[in-house]
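This report concerns a disulfide and the strands around it. The sequence and model come first.

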Amino acid sequence: IYLTVETRPKISLESSIRIGQGADANLVCIVGGNPKPVITWRRNNVQVPEDIAKYTIDNSVEGQSTLIVHSVDKNSDVGDYICEGENRIGKTKETIELIVVAA
């Protein structure tokens with residue numbers, strides 16, 4: 001007899017990150033759950049696009065997603081970014097604030 005326990009996603013994420021103007025910001029989201037959750041990033045209630053040079057999403061580490069915001073700008077990149085994990089049991093999301101400081 002095999003018993004499989006399914007759980008809704010659980011997210012571990014820093015509440016904020018400070019980065020210097022012009023640097024690359026790495027926002028790391030660790031997500032667990034069974035079945036394996038699908039991870040998405042959102043900003044301003046819109047999914048972060050992977051097809052523009054401003055952002056890179058790295059999902060190469062199991063259970064972890066890193067959103068890289070390239071050459072951060074204090075006028076356009078500051079604010080809240082949402083990491084969302086979803087599987088058939090449910091959906092969980094957590095927010096990280098990107099703070100850009102003078103370089």
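Cys 29 and Cys 83 form a disulfide, with 1.9 Å between their sulfur atoms; the term denotes a pair of cysteine sulfur atoms within 2.5 Å. The structure holds one such link. The angle about the S-S bond is -85 degrees, and the link of Cys 29 and Cys 83 is left-handed. The pair links distant parts of the chain, 54 residues apart: Cys 29 lies in strand 3 (residues 25-34) and Cys 83 in strand 8 (residues 79-87). Helices (H or I, at least four residues) and strands (E, at least two) are DSSP runs numbered from the N terminus.

The model is predicted: local features need pLDDT of at least 70, side-chain atom pairs count only at pLDDT 80 or more, and totals for chains, interfaces and linings use all residues. Residues are numbered from 1 along each chain as its sequence is written, and side-chain values use heavy atoms, with hydrogens and water left out.

Cys 29 counts as buried because its relative accessibility is 0%. Cys 83 is also buried, with a relative accessible area of 0%. Buried means under 20% relative accessible area, exposed over 50%, and partly exposed in between (1.4 Å probe, protein chains only).

Two strands pair if DSSP finds at least two bridges between them.

| Strands | Sense | Bridges |
|---|---|---|
| Strand 1 (residues 7-13) and strand 3 | antiparallel | five bridges |
| Strand 3 and strand 7 (residues 64-69) | antiparallel | six bridges |

Ser 12 has Ile 30 of strand 3 as its bridge partner. Leu 27 has Leu 67 in strand 7 as its bridge partner.
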